[in-house]
Amino acid sequence: MAAVLQTEYIGDEEVNLYVCGGSLIYPDVVLTAAHCVQSWQTTPSILKVRLGEWDTQRTYELYTHVDRRVKQVITHERFNAGSLSNDFAILFLESPVVLTPHIDTICLPDQFTSVDSNRCFVTGWGKNEFGKVGEYQNILKKVSLPLVDHHDCQNALRTTRLGQFFNLHASFNCAGGGIDGQDACKGDGGSPLVCPLLSNSHSYVQVGIVAWGIGCGEPGIPGVYGNVFKGVEWVHNKLQTLPFNRPA
């Protein structure tokens with residue numbers, strides 16, 4: 001899990017402002033949501049990525065976090081800022097991080113990947129409740145969610161203010177919507193949704209990127225994610241055409 005931060009200066013003091021979540025897919029590449037980072041495509045060095053963080057307000061953790069400046073922000077060419085379709089972005093870091101027990105990469109799926117759709121989870125530091133009463137979390141949270149069929153998700157969303165003619169773009173997938181109210185929320189944008197492989201329940205792949213939702217944790221209304229199955233080809237194409245520190 002990665003935290004994307006915006007740096008500002010108050011006098012001589014550098015202040016880090018939380019922007020959104022992300023995931024490390026190579027030692028110097030982070031996958032996140034385009035809607036989170038599109039504003040910094042021409043000024044990427046204002047952003048930094050923090051890896052290995054757990055409690056944002058304390059420093060007593062066994063393993064310390066690692067920060068890296070962002071040197072390039074790439075968003076999907078077909079990203080639509082209105083509908084948030086194709087909500088994919090990659091961040092290239094100034095230098096790779098060393099993988100450790102608390103900092104590692106997440107695998108991406110391919111067309112042949114099969115996952116256990118009932119045992120997925122999303123992580124983030126976002127709000128614990130929608131609206132003004134919700135509070136951003138100091139400690140990284142993890143919420144278990146099942147994937148929801150695209151057609152079923154679209155039908156559920158049509159019962160909301162989106163209306164009966166709403167069409168869910170093919171670049172999205174969905175998760176959650178159960179009566180338990182488990183969901184991502186405001187501030188979790190860009191965070192990874194991961195699921196275990198059917199062939200190996202101890203190995204996980206990233207299947208989604210937190211994109212948007214109708215409120216948070218509304219019973220019967222799933223959250224909407226950038227579908228990594230749909231975006232992974234774009235990611236690989238960018239990694240092939242742009243220079244970065246590929247592992248040996």
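Modeller: We may begin with packing; please bear in mind that this is a predicted model.

Biologist: Against which strands do the buried residues of helix 2 pack?

Modeller: The helix spans residues 150–157. Contacts from its buried residues reach strand 9 (147–148) and strand 10 (172–175).

Biologist: Which residues of helix 2 are buried, and within what arc do they fall?

Modeller: The buried residues are C153, Q154, A156 and L157. An α-helix has 3.6 residues a turn, so residues three or four places apart point the same way. Seen down the axis of helix 2, the buried residues line one face, because they fall within an arc of 160 degrees.

Biologist: What is the strand order of the open sheet of seven strands, and which strands stand at its edges?

Modeller: The pairing in this sheet is antiparallel, and the order is 8-7-11-12-13-10-9. Each edge strand has a single partner strand, so one side of each is left without a neighbour in the sheet. The edge strands are strand 8 (141–145) and strand 9.

Biologist: How many bridges join strand 7 to strand 8, and what is the bridge partner of G124?

Modeller: Strand 7 covers residues 120–124 and runs antiparallel to strand 8. Five bridges join the two strands. In strand 8, the bridge partner of G124 is K141.

Biologist: Is I74 buried or exposed?

Modeller: I74 lies in strand 5, residues 66–75. Its contacts beyond four places in sequence are F88, A89, I90, F92, W234, K238 and L242. The cut-off for burial is under 20% relative accessible area. With a value of 14%, I74 is buried.

Biologist: How far apart in space are I74 and K238?

Modeller: In sequence, I74 and K238 are 164 residues apart, yet the two residues touch. From C-alpha to C-alpha, the distance is 8.5 Å.

Biologist: Among contacts between residues at least 6 apart in sequence, what share joins residues at least 24 apart?

Modeller: The protein chain has three helices and 13 strands, and buried residues make up 50% of its 248 residues. The share of such contacts joining residues at least 24 apart is 66%.

Key. Residues are numbered from 1 along each chain as its sequence is written. This is a predicted model: local features need pLDDT of at least 70, side-chain atom pairs count only at pLDDT 80 or more; totals for chains, interfaces and linings use all residues. Side-chain values use heavy atoms; hydrogens and water are left out. Helices (H or I, at least four residues) and strands (E, at least two) are DSSP runs, numbered from the N terminus. Buried means under 20% relative accessible area, exposed over 50%, partly exposed in between (1.4 Å probe, protein chains only). Contact means heavy atoms within 4.5 Å. The arc is that of the directions from the helix axis to the C-beta atoms. Two strands pair if DSSP finds at least two bridges between them.
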